[in-house]
Amino acid sequence: MMLGVARRRLASGGGSASASSLGQSLLKSRSVGSGRRIASVADERVVLSQGRCPVRSFCHLVMIRCSDGPRGMRVFTFNNQAVDILPQWRLFSTESGDLVDAVVPFMGESITDGTLATFLKQPGDRVEVDEPIAQIETDKVTIDVASPEAGVIQKFVAKEGETVEPGTKIAVISKSGEGATHVAPSESAGEKAAPPPPTGKVEEKQKPKAEAAPVAEKPKAPSPPPPPPPKRSATEPQLPPKERERRIPMTRLRKRVAARLKDSQNTFAMLTTFNEVDMTNLMKLRSDYKDAFVEKHGVKLGLMSGFLKAAVSGLQNQPIINAVIDGDDIIYRDYVDISIAVGTPKGLVVPVIRNADKMNFADIEKEINTLAKKANDGSISIDEMAGGTFTVSNGGVYGSLLSTPIINPPQSAILGMHSIVSRPMVVGGNVVPRPMMYIALTYDHRLIDGREAVFFLRRIKDVVEDPRRLLLDI
């Protein structure tokens with residue numbers, strides 16, 4: 001109602017008296033609602049509480065900045081009269097306009113918080129626009145916090161190891177470089193929290209009481225001796241001394257991987273079947289054409305592209321391997337997005353090669369190199385790791401001879417590759433050395449029967465041992 005009166009008075013062209021009476025009316029109105037909402041009234045100015053949206057709709061209002069007072073204000077003027085309104089929030093502004101806040105950016109649709117892993121800069125360091133100053137570890141990726149302006153880091157307002165959410169302020173940056181301090185918040189907090197040393201008078205007062213206490217005690221009957229401590233079992237493990245131990249907090253990525261693997265064991269009825277592959281023909285193919293392949297495509301020809309093409313062929317021949325259980329339904333996917341397990345210093349990640357069924361050897365090798373580099377650099381995004389339908393894990397690069405891989409939820413199967421070892425094999429009635437590799441398929445037995453799993457591995461074996469099958473589609 002008061003807003004309607006204000007609009008009519010302003011529209012009629014009322015002078016300063018109207019504006020003054022309007023300010024007084026607003027003051028009275030706000031005072032009746034809640035006395036705490038009125039901050040002060042001086043020089044015909046009405047200071048209201050944070051974010052009074054109705055005031056913004058007044059006609060002939062001009063917003064200017066004001067810095068007089070303990071906090072920055074938004075000042076609205078009409079007919080030379082001012083109504084100062086405290087702002088609702090400021091993301092990158094301060095009282096003088098010289099200081100800006102560095103906040104945690106948006107981290108993805110499925111990520112609500114992260115851990116402040118480390119600061120890349122120190123208080124007093126010079127930073128440029130968009131230069132990373134800290135890293136946030138999430139369940140899936142590591143995200144940089146960039147500086148919103150060029151300047152000098154004045155102070156940090158968050159500590160390493162804290163859980164932060166998007167929008168959380170972690171640092172204050174001075175655009176002019178004035179007032180920078182090299183003291184971290186943790187150090188200053190520790191200094192303030194340290195209790196003052198006790199004075200000598202207090203010690204003198206406490207000592208007589210401590211000495212007089214035994215005199216005041218009454219003699220008690222002798223208590224029976226305590227029972228001897230139980231003897232340590234011979235089978236109980238002996239822990240090393242504490243000075244030889246190191247306790248390091250688990251990263252969020254490692255905790256997420258551990259939780260997903262345990263959920264996989266608790267959810268799936270996992271069964272693993274094995275086979276062995278003679279790598280002679282695939283290795284000869286790579287040896288014969290590796291130079292021409294690099295010259296034309298700019299990447300090396302590896303074994304992974306051959307196995308991925310074989311996996312695509314196997315998934316197309318056994319579509320149940322590419323399916324997934326959803327409640328009481330089975331979802332069949334008519335596309336093939338293969339996840340590649342990549343081990344990084346921070347944990348295991350699984351970037352996805354999308355539409356692998358439409359790629360040739362060169363496209364697959366290029367995509368593998370790109371995703372592996374991003375994974376090791378920590379620059380891989382969440383979208384590049386979501387949505388795989390089948391996973392290939394190559395433990396052979398680390399020398400693994402045989403293993404039983406664990407399914408990557410919500411997929412239904414995973415193929416494990418292993419190291420190539422020269423073993424004696426019977427070929428044409430003769431015993432000859434052959435480069436052999438064990439392959440393993442772990443699958444969800446609730447959905448996939450042993451027949452389909454064995455046929456899938458047989459298809460992998462046939463294609464790898466005779467790559468010409470891919471050309472002839474047989």
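Reader: How many aromatic pairs does the count come to?

Author: The count comes to two aromatic pairs, where rings of Phe, Tyr and Trp (its six-membered ring) pair if their centres lie within 6.5 Å. This is a predicted model, in which local features need pLDDT of at least 70 and side-chain atom pairs count only at pLDDT 80 or more, while totals for chains, interfaces and linings use all residues. Residues are numbered from 1 along each chain as its sequence is written, and side-chain values use heavy atoms, with hydrogens and water left out.

Reader: Why is the pair of Phe119 and Phe156 called stacked?

Author: Planes under 30 degrees apart count as stacked, over 60 as edge-to-face and the rest as tilted. Phe119 and Phe156 have 10° between their planes and 3.8 Å centre to centre, and they form a stacked pair. Phe119 belongs to strand β7 (residues 114–119) and Phe156 to strand β11 (residues 151–156), 37 residues apart. Strands (E, at least two residues) and helices (H or I, at least four) are DSSP runs, numbered from the N terminus.

Reader: What makes Phe119 count as buried?

Author: Buried means under 20% relative accessible area, exposed over 50% and partly exposed in between, with a 1.4 Å probe and protein chains only. Phe119 has 11% relative accessibility, so Phe119 counts as buried.

Reader: How do you know that the charged end of Arg423 sits over the ring of Tyr438?

Author: The rule asks for NZ of Lys or CZ of Arg within 6 Å of the ring centre and within 35 degrees of the ring normal. The charged end of Arg423 is 4.2 Å from the centre of the Tyr438 ring, and it sits over that ring.

Reader: What makes helix α8 largely enclosed by the rest of the structure?

Author: Of the 15 residues of α8, 13 are buried, so the helix is largely enclosed. Helix α8 (residues 303–317) reaches 21 Å from its first C-alpha to its last, close to the 21 Å expected, where the expected span is 1.5 Å times one less than the number of residues.
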